[in-house]
Amino acid sequence: MAKKKVDDRSSQNSDSTRNDGDLSSNDDEPNFSDPEGFIDDITDEELLGDVLKQKPKETDGVESVIVVDGVPQVGPDRLEKLQSVINKIFSKFGSIVNTHYPTNEKGHTKGYIFLEYSSPMHAQEAVKVTNNYKLDKQHTFLVNLFTDFSKYEKIPEVWKPPEAQTYVGQADLHYYLLEPDAYDQFCVVTGQGHSVQIWQNTQPEPAVLQDRNNWTQTYVKWSPLGTFLSTFHKQGVALWGGPSFTQYKRFSHSSVQFIDFSPCEKYIITYSPQGDAHNPEQKRIMIWDIRTGQEKRSFNPEGPSAWPIFRWSHDDKYFARMGNDVLSIYETPSFGLLEKKSLKISGIRDFSWSPTDNVIAYWVAEDKDVPARVTLLEIPNRTEIRNKNLFNVADCKIHWQKSGDYLCVKVDRYSKVRKEKTETKYSGMYFNFEIFHMREKQIPVDSVESKEPIQAFAWEPIGSKFAIIHGESPNISVSFYEVRVGQAPSLLKKLEKRACNHLFWSPNGQFIVLAGLGSNGGGSLEFVDTQDFVIMNTTDHFQASDVEWDPTGRYVVTGVSIWKAKVDTGYWMWSFQGKILKRVNLEKFAQLLWRPRCPTLLDEKQLKEIKKNLKKYYAQFESKDRMRQTKASKELIEKRSALMEKFNAYRHKRIKEWGEQKPRRLELRNGIDTDELDSDSKNVEEEIVEFFIKEEVTVIE
Amino acid sequence: MKPLLLHGHERAITQIKYNREGDLLFSSSKDNKPNVWYSLNGERLGTFNGHQGAVWCIDVDWTTTRFLSGAGDNTLKIWDCETGKPIGNITTNSSVRACNFSYSANMAAYATDKAMGHQCEIFIIDVRNADDSIGQADPILRIPVNGSRVSSLLWGALDETLLTGHENGEITIWDLKTGKKLQTTKEHDNIINDMQMSKDCTMFITASKDHTAKLFDSENLMLLKTYKTERPVNSAAVSPILEHVVLGGGQDAMDVTTTSARVGKFDSRFFHLVFEEEFGRVKGHFGPINSVAFHPDGKSYSSGGEDGYVRIHTFDSSYFEYGFDY
């Protein structure tokens, strides 16, 4: 803009001068001087700011100057020697373009010198390396950047309190729990994080709340209480929360692949199995404090191990990991080893925290004459509260019931063992379930035996039942047992010949989905009410790879993920009774995750109260649902009638045109009307066709 | 009702067509011999023997006197419907992929493949006095098609225009007086496998590999409706009596051996013409459906599949009773 102004003005000027020139003489130089009274309203900066920027400044080059103190004080005779020593030390970092050795009136150096490098980078490097450099016993260099002097000089004498930062309110992280109709949220990922959508499962149609592209680079994960959504990026992990899913914290850990939240969402563990090629110093496991975003501790795991490597106690107080013959328990918030040493447990194979108490269950393998053993260990006092010796053990699996009332250890046992070089081969396998009654005195243990191989085991999350899938294809059965105080587990029901390989209990118990997942499962689904073992529905979602209950146990989602199948990816929503509610076929569908809920704040008494008054609530909900339903169908009907009206308007116009063209059509077909099937009555011949029908009589004996 | 299974072909069905009255059903297949059947009982009336390659396209004129077939043996043949004897034979440079009689049946159009160094071309021929000499006669019009080849072809109303569907999903309307393009639209992302007129020829439905079928105005190519599926659509037809369309398709024939019939979804799918909502499916084929057609009375429909079967389905009364609320 400024330049244009100048151009305009100069052209005006030249015009006026030309006129002047015409009057005087044509050969004269035009007059470029400003006319009288002209005030220059353009500053130099406006005119040639870009040139001015390059104008050398006094301070230029100061960044490349370093000050070396502690240099020997020498007379003029030894100055040359000193210079060569100094040069030798400092020219390693870059070319020295200027030196200055201040001297007193006698020509003695003052003990400090100035060196100027060709670039500030070299100066910085020199400061970093040569500060505190020991030249000899008496002389140690103190090296500083020249600019540091001015920086430290400017520090004000009087301390001024820092200005208070304005408080930025944290968004309500738990707003979703206040949803009046208790609609749950779920997250849908398509492709490699190409699109991440947050849905609210509103009735009758779910509504999308957030839709972002490239929100994550691989997958997403909810925190265990549902407060945060975590996304994965090359640089690390990001947590999102609040009503509009704003970024809450970032944890920088390059090429992170796995994360694990502590159960109370205080800490997060990130794991980058490959590490960072550019930064080999980065540890592969890092533990962070979620609220402050600070790194609390980091580790490099030895060898491959099953994720999660670190396992948390239910209250975030402890976390533990297993090594060779050792169990290391760490405590928070110090993140140090509990009692400063690990537990030596030779032959430890697996361990698991109780979901409600600070109790660890672990098992050790057999060793020659020593039997295998399952131990319950109380933390932090490390007392063994229960031991159980087991014989002929090939493998164990530890299953805690969600409410911590029971522990089941599934034991694979053998009748014969054969050692073949490095491999151990077991034969004559049979299976035991050791049930620990955690809430009873001295923790009694019951045992259930099965001769058939076990495909799956699952505790009812709330309640005292467990389900197992056993047998070999095609004779797969599902058995349900109930555990009672002071009694051995009793078989409630056995469902025979089922096509399933996975068990999914409703989060509130009672209802269970038996699913056949994977390539040989076919996606069969069976919805069972375990109160009276009514099979509510038997159906399938072909090639289903995932089954997800919503946190309230009202809905079930089955999904075909792009990670497992190529075609027909998508998710279907069912009621807990197995009624199909919605089929969403989504190209490149990858993942669906319900947002978890915090545990209820109601106590047992209040829960009972609600259950007692269920009929009252039932009527309310029923009427609410009906209203929504009618509203939805009304909307649909309105939409349809609008479509129909529009289409009919178009059709009327076209049919009119078509009618007008009738004479031309007749002309093309020799005057025969073929517009309707029976409009041409003259050329029709009636024909009676007879068919032979084969008749056969078969006498059934 | 139990469908009639027509098993006369030894290879995949490529196209099926009813005659104007609907008493006969013509079918073509990759086994070189087009067939004609009684649509009422599924009895085979006869075959048209003479082609030496897969028959890609067929048509029958409005009087059911002549039958047209284009094949992979680089010929277009005109047959006498009554006797099943060839009347004329036209040798082309490459496979004939689409052919159609005009409304008056005085003319016919066909399109050749872009193959063997030859360009795709559209031909308009006079078939009024078709006989042995038709092979030497010059076509009325010959339109070379640059770019994407013609995969489907229809006559516009009143024999003045021609509609072509192309391999890249384009639809073009041609003026036959000048041989020039009038308009082109690209609503599909993949090859247009089939185009069929509505009963009054004011609309036509396209079937595309891009998993959709679409309804267009046949004069200005305005997109009216879209019917979405999750499989390639090979053929689509509009009911002559109700506001319904039927779509046939399924997993690509190429991938079929690796998938079960359930994954393939070889179903005929019924959509409401206006609401674009699917309301019914008919199972039966164990390969993709290559061609569907409504009986002109709208009371039955047929489908021809990659499995070599033609199935004639007569609608149950519940089909006619079913209505949408609006």
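In this predicted model, the side chain of Arg498(A) reaches the backbone oxygen of Glu496(A) at 3.1 Å. Arg498(A) sits in a loop of chain A, between strand 34 (490-495) and strand 35 (502-505). Beyond its neighbours within four places in sequence, Arg498(A) is in contact with Ile476(A), Val478(A), Glu526(A) and Ile535(A).

Salt bridges were then searched for over the whole structure. The search finds 37 of them over all chains. One pairs Asp184(A) with Arg554(A), with the closest N and O atoms 3.1 Å apart. Asp184(A) belongs to the loop between helix 5 (146-153) and strand 5 (185-190) of chain A, and Arg554(A) to the loop between strand 39 (546-549) and strand 40 (555-560) of chain A, so the pair ties together parts that lie 370 residues apart in sequence.

The interface of chain B and chain A was examined next. Here 39 residues of chain B are in contact with 31 residues of chain A. The two chains bury about 3400 Å² between them. Carbon and sulfur atoms account for 58% of that area. Across this interface there are 6 salt bridges. In one salt bridge, Arg640(A) pairs with Glu277(B), and the closest N and O atoms are 2.7 Å apart. Polar contacts between chain B and chain A involve 10 residue pairs, both residues being at pLDDT 80 or more. On the side of chain B that touches chain A, the elements giving two or more residues are strand 20 (212-217), strand 21 (223-228) and helix 1 (261-264) of chain B. By class, this side of chain B has 18 charged, 14 nonpolar and 7 polar residues.

A probe the size of a water molecule, rolled over the atoms, shows where empty space is left. The count is 3 cavities of 30 Å³ or more. The largest cavity holds about 60 Å³ of space. Its lining comprises Thr229(B), Arg231(B), Pro232(B), Val233(B), Leu247(B), Gly248(B), Gly249(B), Gly250(B), Lys265(B), Asp267(B) and Arg269(B). Strand 23 (residues 244-249) of chain B gives the largest share of this lining, with 3 residues. The lining of the largest cavity divides into 4 charged, 4 polar and 3 nonpolar residues.

Key
Residues numbered from 1 in each chain as written. Chains lettered and ligands numbered in written order. Predicted model: local features only at pLDDT ≥ 70, side-chain atom pairs only at ≥ 80, totals over all residues. Heavy atoms only, no water. 1 Å grid on protein atoms, 1.4 Å probe; cavity = no way out; pocket = protein on both sides within 12 Å on 5 of 7 lines; lining within 4 Å. Points joined across faces, edges and corners; volume = space filled by probe spheres on them. Helix = DSSP H or I, 4+ residues; strand = E, 2+ residues; numbered from the N terminus. Nonpolar A, V, L, I, M, F, W, Y, C, P; charged D, E, K, R; others polar. Contact = heavy atoms within 4.5 Å. Buried area = accessible area lost by both parts, 1.4 Å probe. Salt bridge = Lys/Arg side-chain N within 4 Å of Asp/Glu carboxyl O. Polar contact = N/O pair within 3.5 Å; in protein donor to acceptor, adjacent residues only side chain to side chain.
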